[in-house]
Amino acid sequence: MEEMEKGRQKSIGRWLQKKALDLLPPLVEKVLRSDTLQGVLLDQLEKRIIRELWALADPSKPQRVHKDQEDMVWAFMQSFRRAVERHQLSRETLQGLLRNLLLLAIMRHREDLQEAEKKFAAQHEGQEPPRFLVISPTKACNLRCQGCYASASSGPGQPFLSWEFLERIISEAKSLWGIRFFTISGGEPLLYRAAGKGILDLAAKHGDCFFLMFTNGTLIDAETPARLAEMGNLIPAISVDGFEKRTDERRGRGVFQRILKAMAALRQAKAAFGISLTATRWNADELLSEEFIDFFFERQQAIFGWIFQYMPIGYAYDPQLMVTPAQRLWMWRRTWQIIREKKIMLADFWNCGTVSNGCIAAGRSGGGGYLYINWHGQVMPCVFVPYSAGNLFEIYARGGNLDNIWDAPYFRAIRDWQWDYALGKERPEECGNWLTPCSLRDHYENGRKLIETYQPEPEDEAAAAILKDEAYARAMLEYDAQLYKLFDPIWKQEYVVLS
């Protein structure tokens, strides 16, 4: 009887917790709409999130790493505050952000997620599950951008995931790993159609999850912004490569104006959006210029920005398009200047490696890890590491699930490297340089060795060709050598010595 009573109380506790999480966002949203009370509430939310962040800080890692993480979270909070003060978010969008982002401050206390973590740890020697998935449900795209990492195509008959298959991935990630955050990429996500449904239908069905969608923005029609504003749990990140000249050079004539038109429609509907920037040696200065930042974050009212330094993979890969090591150093200083002084959330997936505690590929255990699934069901460690450790179609046919692919030897080897490089170190001075975090681009010799050892399947012909291209290998190794000369002294002087 005593055990039955404990079980009953536990069930009641779960129900109350769920109700609290359901009821809190609408209440908070109403307060945030009050010009009198919103400042007080935002102050308290910011303090709570920063407090939770520092509670998770690892003393074995450099203090400056924790400060970088605090500054990025603070920039996100200030970006959110500006959106609230501008009244640029619909009620549903505001509630969706509160439910799925701001409430991350208490997510680690949620019993349902703790149960998923405990179950995973019991089955995988105490390790933690991935925190999110990146899924490209279709290769189809209406553009053909120079240097596209996905080799996306506008031709007919492009591959796509069935609705049933996509649904199974989402449902398994939720039940097995406790995941509530999904990134949708492509191809162009808004071209995805299966069983009469699209990506917006997917997000609407999974209202307990948050979706980030990378899109070229040209297919955001008259109906899409209103629906996004009503749903509140899917936010587009629209790709731009600079001002009109740069963007149209890479994406096609007239694309920049179509992007601005889409942003205007999103603003009118009060739907949140951000921007996605691909930095090359030819546009890096422009992307981080004062004029560009003000244009998109002040005039266009983008809430956040992601910077992807060009990775020479996919269609027409070219190492010469990468930002040079010297440019990357300048970008590192300039990006953090924008984050700290302008309080804009602008994250560079390479130069902000300290924020994520380094590489998060291959479903990293230890917080923040992810896997990438493409339109063929191939599962890769990262969007920018186009080598598959297995195919979910085959795994499902054998009666397996996502756990089986997470445990693939190639992925385990990458996770072992992440652990040995920095995550497993016990003192700050032992920690590897998270200013050069990428397991392939920044550590090409090691990344290439893992590929040769475990023989993952190349995603496409371009990924296979790279492995036979000796000039490519020489260029990547030389890039890394120059990179270390610039960034290793900074890591030692500004991160390790000051810890």
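**Entry 1: a glutamine in a loop**

I began with glutamine 301, which counts as partly exposed at 21% relative accessibility; I take buried as under 20% relative accessible area, exposed as over 50% and partly exposed as in between, with a 1.4 Å probe and protein chains only. This is a predicted model, in which local features need pLDDT of at least 70 and side-chain atom pairs count only at pLDDT 80 or more, while totals for chains, interfaces and linings use all residues. Residues are numbered from 1 along each chain as its sequence is written, and side-chain values use heavy atoms, with hydrogens and water left out.

I found glutamine 301 in the loop between helix 13 (290-299) and strand 6 (304-309), where helices (H or I, at least four residues) and strands (E, at least two) are DSSP runs numbered from the N terminus. Its phi is near 65°, a positive value in a residue other than glycine.

**Entry 2: other backbone features**

I then looked up alanine 362, which also is not a glycine and has a positive phi of about 65°. Alanine 362 sits in the loop between strand 7 and strand 8, and it counts as buried because its relative accessibility is 0%.

I noted a cis peptide bond between glycine 186 and glycine 187, with omega at about 15°; glycine 187 belongs to the loop between strand 2 and helix 8 (199-205).

**Entry 3: the chain as a whole**

I counted 20 helices and 12 strands in the chain, and of its 499 residues 58% count as buried. Among contacts with a separation of 6 or more, 74% are between residues 24 or more positions apart, a contact being heavy atoms within 4.5 Å.

I followed an open sheet of 10 strands, in the order 7-6-5-4-3-2-1-8-9-11 and with mixed pairing, where two strands pair if DSSP finds at least two bridges between them. At its edges I found strand 7 (345-348) and strand 11 (390-391), each of which pairs on one side only.

Strand 1 (residues 132-135) runs parallel to strand 2 (residues 181-184) and is joined to it by 4 bridges, with phenylalanine 132 opposite phenylalanine 181. Strand 2 in turn pairs in the parallel sense with strand 3 (residues 210-215) over 4 bridges, and there threonine 183 has leucine 212 of strand 3 as its bridge partner. By contrast, strand 8 (residues 370-373) and strand 9 (residues 378-380) run antiparallel and are joined by 2 bridges; tyrosine 372 stands opposite methionine 380 in strand 9.

**Entry 4: two helix pairs**

Helix 14 (residues 325-342) packs with helix 20 (residues 470-496) at an angle of about 30°, the axes being 9 Å apart; axes are lines fitted to C-alpha atoms, for helices over the stretch in contact, and angles run from 0 to 180 degrees between N-to-C directions. That makes the two helices roughly parallel, since angles under 35 degrees count as roughly parallel, over 145 as roughly antiparallel, 65 to 115 as roughly perpendicular and the rest as oblique. I listed the contact residues, including Leu329 and Trp332 of helix 14 and Leu483 and Phe487 of helix 20. The contact divides into 10 nonpolar, 1 polar and 3 charged residues, with Ala, Val, Leu, Ile, Met, Phe, Trp, Tyr, Cys and Pro as nonpolar, Asp, Glu, Lys and Arg as charged, and the others, Gly among them, as polar.

For helix 10 (residues 244-251) and helix 11 (residues 255-269), I read that the axes come within 8 Å and cross at roughly 110°, which means that helix 10 is roughly perpendicular to helix 11. Here Glu244, Thr247, Asp248 and Arg251 of helix 10 meet Val255, Phe256, Gln257 and Ile259 of helix 11, and these residues divide into 3 nonpolar, 2 polar and 3 charged.

**Entry 5: alanine 269**

I stayed in helix 11 for alanine 269, which is partly exposed, with a relative accessible area of 22%. Not counting residues up to four places away in sequence, alanine 269 touches Ser90, Pro225, Ala226 and Ala229.

**Entry 6: cysteines**

How many disulfides does a search of the whole structure find? I found 0 disulfides, a disulfide being a pair of cysteine sulfur atoms within 2.5 Å. Cysteine 145 is in no disulfide, and the nearest cysteine sulfur, that of cysteine 141, is 6.0 Å away. Cysteine 145 is buried, with a relative accessible area of 9%, and cysteine 431 counts as buried at 5% relative accessibility.
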